[in-house]
Each structure stands twice: as C-alpha cells, then as structure tokens.
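Hi there,

Here is the structure I promised to pass on to you. Please have a look at it first, and my notes follow below.

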Amino acid sequence: RFMKRLSLAVLVIALVFVVSGLVFADNNDTFVDIDMGNIDSLDPHFQYDSASAEIVANVYENLIQFKPGSLTEFEPLLATEVPTVENGLIKNGGKTYIFPIREGVQFHNGNELTPEDVKYSFLRALIQDRSGGPVWMLYEALFGVGTSLKSISSEVVRVDDPKELTPEQSAEVYAYLEKAIEIDGNNVIFHLAEPYPPFLSILARNNGVSAILDREWCIEVGDWDGQPTSIAKYYDPTKEADPLYYKMNGTGPYMLTEWVNGERTVLTAFENYWREPAKIKTVIIRSVDEWSTRKLYLQRGDADSVHVDAQYLSQVEGMPGVKVIKDLPRMANTVGIMNFNIVTEGNPDVHSGKLDGKGVPSDFFSDIHVRRAFSYAMPYDIFIKEAVQGRGQKARGPITAQLLGFDENSPVYEFNLEKAEEEFKKAFNGELWEKGFEITILYNTGNSERKNAVDMLKFFVEQINPKFKVNVRGVQWSTYLDNLVAGKFTLGFMGWGADYADPHNFVVPYMRSDGAFGGVKGENYVNWAKENVDPLINEGAVTVDPVRREEIYKELQNIAIEQALDIYLYQPEAHYVFRDNVKGFVYEPTLHPGLYFYDLYKE
C-alpha cells in the first residue's frame, strides 16, 4: 500500500496508475494487475493467445460456462438452459443443439441481445476464419473434421481462395454455412454434420471463438455487413485491418475503457450487467517486462496481483501481505517450434539465408537431423530444475499428462551432446558440419522462462562446433506471434493451453497441416503432414471406441518424437500471486486464460 511519505521514485511509480483520476491498488473498488508482454488482438474471433483471451473473457460472454471446478458440467450464461438429451434440447442423435436465448441482456452500448446477434456472431467467425486462428473448432463441430471456409468454398463453388469469391459464389457458400445455424423464435439451433462430444466445451466461457457480438454495432464499425454476397471482403483479414482489433462491445461484466497496447488496459464494471454488477469497479492491467519492477509493485502494495515466473516464486513466498497459490495442475505445455520453411526475404534472423556458414537456408529445419540435433541439445532436466524450480514435468510429445495417448514410458529425447553431434554431422549430407551456420532464435520479452530456454539451447549448441553461432533476440508478444504467422519465425518456445480437455486439442495445433503451429511451418511441413498425420488426427476425432482412440493418440505422440517435429520441453504447473486481501479466486485448469475479475473482491 502507498506510504504517506513518498520518495520521488515511489511517486513516479504511483503516478503510472493515474488513469482518468487517481485510482490506486489500496482502493477496494480498484484492482491493479501487473503482467508482462502485450496483447495480440481484442477481436474474440481473431485472438488465439492467453494475454488477449484474458481481456476477451471479461468483456464478452458465451452461451454457457463450466460449473466451477468441473470440466464436464455446464451452467447457462447467455442461454437460459444447457442442452441435454434429458431436457429435449439435444436431439437427432447428438447432431442438433437448441439454446433458448436469455432476454433482457444489454450490450455495453445499450443494445439488447437477440437471437439474431447469436447467429451473426457464429457466421461472422466462420466467414472471418483467419489463418492460424481459433475458428477451426467451430468448423469441425458444425461441418466435420478438417473443414474450413477454404475447403467449403472449394467444394461448393470450386474456388480455392475465398478472397476470390464472386458475389454469386459467396451467396452459395453462405447458404451452405447458414444451414448449420437456425433461429426459431427465441431459440438458436445448431445443426452438426455428425455428433461431436466436445461441442458444449467449445461454446463455454473463456473460449473466445464462441463469444457473442452485437450485430448492429459490428456493422456500424465496419465489420461484416451481414450480407451473403460479401464473404470475400471479410475473409482472413490482417490484424490491424480488422475493425474489432481495438474495439470491444460485449455483454460481460466489464467494459473496455482504455487500451494502450504494451502499456495498460483499463476495464470498468458494467453497471447494467444482467447479473449483479462486479464488486471490483475498475481493473487496471499494466504491462511491465522487468521482474524487479513487478516485484517492487507487489512489495509496496501498489498491485493486487503480479505475474511471477516460476524461477522467482521463492522471492515472494513469505513476503508480508502476499499470498501465493501454487502447485495447481495445468493442462498446457511449452514447446520449441521449429519452422520447416523460414521466409528469408527481409528476415534478419536467417542472416545470409544460405548454407554458407554465415546464415541458414529456408529449409534448415526441414532436415530431420537438424531437428534431432537441436532436440538432443536441450538440457530438459536442468531447465526444469533451475529455470522453473522443479514446478513441472518433462513433456513427452504434444499430448499432455491427464489425456488419452500420454504414456509416462514413451520414448523422449534426453540431453545428449554426443548424439546431437552425430545428428549435426548427418545434416545436409555433412555440409552443415563443415560450413557451420548462424541463426537468431526468439523469445517474447518479459518471459524469463522462455529466455532461459533459448539461452540454454544457444550455449549447448555452440559447444558442439565452433562454427555454430546461435543468437538470441527478444521481441514483444504480438511481434512474436506476427513472425510466427508470417513464416519468419526460426525457432522459439511457445505454450499451448487446452481449449477443451481432449488430446485432439493438442495434436491439431501442433501437428495437423492447418494447425496453429503446424499450419505456419511452411509447405514442406504441410505437405508431409497431410500425408502422414492428418488422416490419423481426423480419425481420432471421430472414433468412438476408446481403445482404438488411445492407439491413435499414442501413435501420433510417437511420430512427433521420431520425427522431432518440435522440442517438447515441459508441462508446467500453475501458480498465482495476490495481495492477501484479494478474495474469490476460482481456479479451473484449462479454462482461465488469466484472471476472471468478476469472481474477485477485496477486503
């Protein structure tokens, strides 16, 4: 808390919390959260990262939400009932879901929620379908595994790129999409191509892809105009060209008041919220990359919660006025992504862009021996012990513990520099060993764990051959994601948290040819994945027999290791650090992309 006598330095720190008047952490109506990094997008259908999802989950709402502490039971939110077979709202053998829409709910601009808003929201997501985004989940549930706007356009009107649809072709594609979402009075009805058990999980709160938007407002601000003939214009927008990149209007407990990306986000409680208004009236989320500064905020009581990397957790345990909630199970993992076809043009991270000892060629990681060498050069146990203080377990592939297909005895890469050397000598028919290489690998600034990971990899790779040069560069979170999507990513560590509790939700992003990570690794990977893993992944999604399903996911896990598709680092535990007067926190292992401020209050 703020002292009555302030030094100049403390006064400067205090003043950064001045937003439209004096609001500080010692006010019980105000919550100050000190985080790191920045936000990728405020569009719920575009964003696909935890930093953005935290904001989305507090401003927008979905039809249903999980019961606290459960991954299988649901509660109504913008719907008044959760569909079940017993209440007659799931029909047709699990292919029809009926949602009665809650009346009297207001959007933040005063417009009232209608079934038309719900239908618009899902169609808008399906039409946007941005590359590497979350909309694949809706397509799989509604139209079948592996579908997308691109595949549907190709099937319906023989156009491979939806951006090239004529108005007439667009209307045909729209009619195909619209058949899946029907309005009947106050009900919104979804028609699935086949039974899809995870469907309700996809619709639950914190999954931004199913957030409900205000149709009228979206059209006013320049988003999809709701017309069947205009799909080409709104398909796969660039981030900054997306009208909802920086604007928000939801039905949730908080309204967006201010957003200065990389500095602060301010949320204000919505007083006309359909449930009881939030107890915390103002939320200020500050972005501070330096741990020492975040720690100072916490010590002085100038923050109610602070992001603390696992390696620093011992520094805050026992701190007066602070409580640490730790050892929480987490359905997530951290993996080193290797790009099979790096875009070299205008990319300083490949240096010369050639196999000449002064850079790396585009297909550097297409060579399996390079990937295996890097996998052997990662000191997994040292990282877990030192960088995250033992708070996690070694990953054994893309699928996490707790899920079908995970085998604690499956093969993995161990830290072994001799084997790494053997693999490097085989790479590019021995040419790489003779010439050497220089590469820059990335981490997102403020993330100490990922910086430690790339620093360790750099150190040990460079020990193997004096001709090997590995540089490390930190970039802002949004730039990190931009490089990934643009194909300029060389190698860096990324995390994946479950959208829903199923192994399908891990093999799709990491391994499938159109996944969030697999789909941006370039044509060498995409072509290989289409033939070698896509059929297995798609079979696993629709297989009912649990024995066969387990076989499929174990096989995929083994393929990932055998091919060294990524560097499977570790599965972390979760922890949260609060001032001890913060109450109401509820932890859900897959569902909270950050803090849900509506649950919180201060004493």
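**What I found**

The largest nonpolar core has 176 residues, and the members that touch the most other members are Leu63, Phe99, Phe190, Phe374, Phe437 and Met511. Please keep in mind that this is a predicted model.

Not counting residues up to four places away in sequence, Phe99 touches Leu63, Ile64, Ala79, Glu81, Pro83, Asn186, Asn187, Val188, Phe190, Phe199, Leu200 and Leu203. There is also a second, separate core of 15 residues, with Leu298, Ala303, Tyr312 and Val322 included in it.

Next, a sheet. Four strands form an open sheet in the order S4-S5-S7-S6, and their pairing is antiparallel. Which strands stand at the edges? They are S4 (90-91) and S6 (181-184); each has a single partner strand, so one side of each is left without a neighbour in the sheet. The partner of S6 is strand S7 (residues 187-191), joined to S6 by 4 bridges and running antiparallel to it. Within this pair, Ile183 stands opposite Val188 of S7. Helix H3 (residues 115-128) packs on the sheet, where it touches S6 and S7, and the direction of H3 makes about 175° with that of S6.

Asn58 sits in helix H2 (residues 50-59). Is this residue buried or exposed? Asn58 has a relative accessible area of 0%, which means that it is buried, since the cut-off is under 20%. Leaving aside neighbours within four places in sequence, Asn58 is in contact with Gly252, Pro253, Tyr254, Leu267, Leu595, Tyr596, Phe597 and Tyr598. With Phe597 there is a polar approach as well: a polar atom of the Asn58 side chain lies 2.9 Å from the backbone nitrogen of Phe597. By way of a distance to check in your viewer, the C-alpha atoms of Asn58 and Val412 are separated by 39 Å, and these two residues are 354 residues apart along the chain.

Last, helix H16 (residues 448-464). Its 17 residues reach 25 Å from the first C-alpha to the last, close to the 24 Å expected at 1.5 Å a residue. At the start of H16, a side-chain oxygen of Asn447 comes to within 3.3 Å of the backbone nitrogen of Glu449. Buried residues in H16 include Glu449, Arg450, Met456, Leu457, Phe460 and Ile464.

Best wishes

Technical notes: Residues are numbered from 1 along each chain as its sequence is written. This is a predicted model: local features need pLDDT of at least 70, side-chain atom pairs count only at pLDDT 80 or more; totals for chains, interfaces and linings use all residues. Side-chain values use heavy atoms; hydrogens and water are left out. Helices (H or I, at least four residues) and strands (E, at least two) are DSSP runs, numbered from the N terminus. Buried means under 20% relative accessible area, exposed over 50%, partly exposed in between (1.4 Å probe, protein chains only). Contact means heavy atoms within 4.5 Å. A polar contact is a pair of N or O atoms within 3.5 Å; within protein, one must be able to donate a hydrogen and the other to accept it, and residues adjacent in sequence count only if both atoms are side-chain atoms. Two strands pair if DSSP finds at least two bridges between them. Axes are lines fitted to C-alpha atoms, for helices over the stretch in contact, and angles run from 0 to 180 degrees between N-to-C directions. The expected span of a helix is 1.5 Å times one less than its number of residues. A nonpolar core is a set of buried Ala, Val, Leu, Ile, Met, Phe, Trp, Tyr and Cys residues joined through side-chain atoms within 4.5 Å.
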